[in-house]
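Here's a quick tour of the charged side chains in this structure. Take a look at the sequence and the model first, then read on.

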Amino acid sequence: MQRPYIRKEVVIIDEIRKEIGRELEQPLRKCASIAIVENVFAGTHTEDLSLYKEYGKYLGRLLMENSLEALQAEPSEIESYGKAAVTGLGGEQEHGSALLHMGFDEPVREILGDTLSIIPSSEKAAPAGHSIDVPLHSKRAVKVRTHYDAMEVYVEDAPRPDEIMVVLCVTTGPRPFARVGGLLLDQVKNMDGIS
């Protein structure tokens, strides 16, 4: 498997213990695992981005393993996920999209198991230090509203013009005190990732 050159890795954990003065029965832990990788297509227009399928597979596994290690969690403890890419201004948004959509999901699903839902994503091109909101929802079914959430992520010195910031976010539970109705996690019955 071909591997991208990674300048740095970053892991951020956001642990929420109290919301509007109310203690959570179980703290909500969100983890963003980030890799700052060389964009080999920066400064060029290339039709064939298939190299990034292999890079994506490698990054999906690396970032999922980093998340579990940082959270000291088992795969079964992860309830929601999302991904994002910020391409430096020497490249184009499509480069980040290629890393996220051509091979990235396969190892994430393999490690987590029980992942029928799509892995929501966001991508953009931006200068170093720009933030991105990583969308999150249940790994089991798209329509579980309690797990609709996001995590804002940025790294001060990334991405440089010839880099891509690749992010995987996972959580250990729903939004604090979610109460907007709809399908609940323990009501998921179908095997289509939707309901």
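Glu47, Asp48, Glu92 and Glu94 together make up a negative surface patch. A patch here takes residues with over 30% relative accessible area and no salt bridge, joining like charges within 9 Å; Asp and Glu count as negative, Lys and Arg as positive, while His and the chain ends are left out. This is a predicted model, where local features need pLDDT of at least 70 and side-chain atom pairs count only at pLDDT 80 or more, while totals for chains, interfaces and linings use all residues. Residues are numbered from 1 along each chain as its sequence is written, and side-chain values use heavy atoms, without hydrogens and water.

**The patch**
- Glu94 sits in helix H2, residues 93-101 (helices are DSSP runs of H or I with at least four residues, strands are E runs of at least two, both numbered from the N terminus).
- Glu94 counts as partly exposed because its relative accessibility is 46% (buried means under 20% relative accessible area, exposed over 50%, partly exposed in between, with a 1.4 Å probe and protein chains only).

**The salt bridges**
- Side chains of opposite charge can pair when their charged atoms come close.
- The count comes to 12 salt bridges, each being a side-chain nitrogen of Lys or Arg within 4 Å of a carboxyl oxygen of Asp or Glu.

**A linked network**
- Which residues are linked in a network of salt bridges? They're Arg7, Lys8, Asp157 and Glu163.
- Arg7 and Glu163 pair up in a salt bridge, N to O at 2.5 Å.
- Arg7 is in strand S1 (residues 6-19) and Glu163 in strand S7 (residues 163-171), so this pair ties together parts that are 156 residues apart in sequence.
- Glu163 is buried, at 6% relative accessible area, whereas Arg7 is partly exposed at 23%.
- Lys8 and Asp157 form a salt bridge too, with their closest N and O atoms 3.2 Å apart.
- That pair links distant parts of the chain: Lys8 belongs to strand S1 and Asp157 to the loop between strand S6 (149-153) and S7, 149 residues apart.
- Asp157 is partly exposed at 28% relative accessible area, and Lys8 is partly exposed at 26%.

**A helix-to-helix pair**
- Glu106 and Lys57 form a salt bridge, their closest N and O atoms being 3.9 Å apart.
- Glu106 lies in helix H3 (residues 105-112) and Lys57 in helix H1 (residues 51-71), 49 residues apart.
- Is Lys57 buried or exposed? Lys57 counts as buried, at 19% relative accessibility, while Glu106 is partly exposed at 47%.

Note on methods:
Patches are made of residues with over 30% relative accessible area and no salt bridge: like charges are joined within 9 Å, nonpolar side chains (Val, Leu, Ile, Met, Phe, Trp, Tyr) within 5 Å. Accessible areas come from the Shrake-Rupley method with a 1.4 Å probe; for residues, only the protein chains shown count as cover. The place of a charge is taken as NZ of Lys, CZ of Arg, CG of Asp or CD of Glu.
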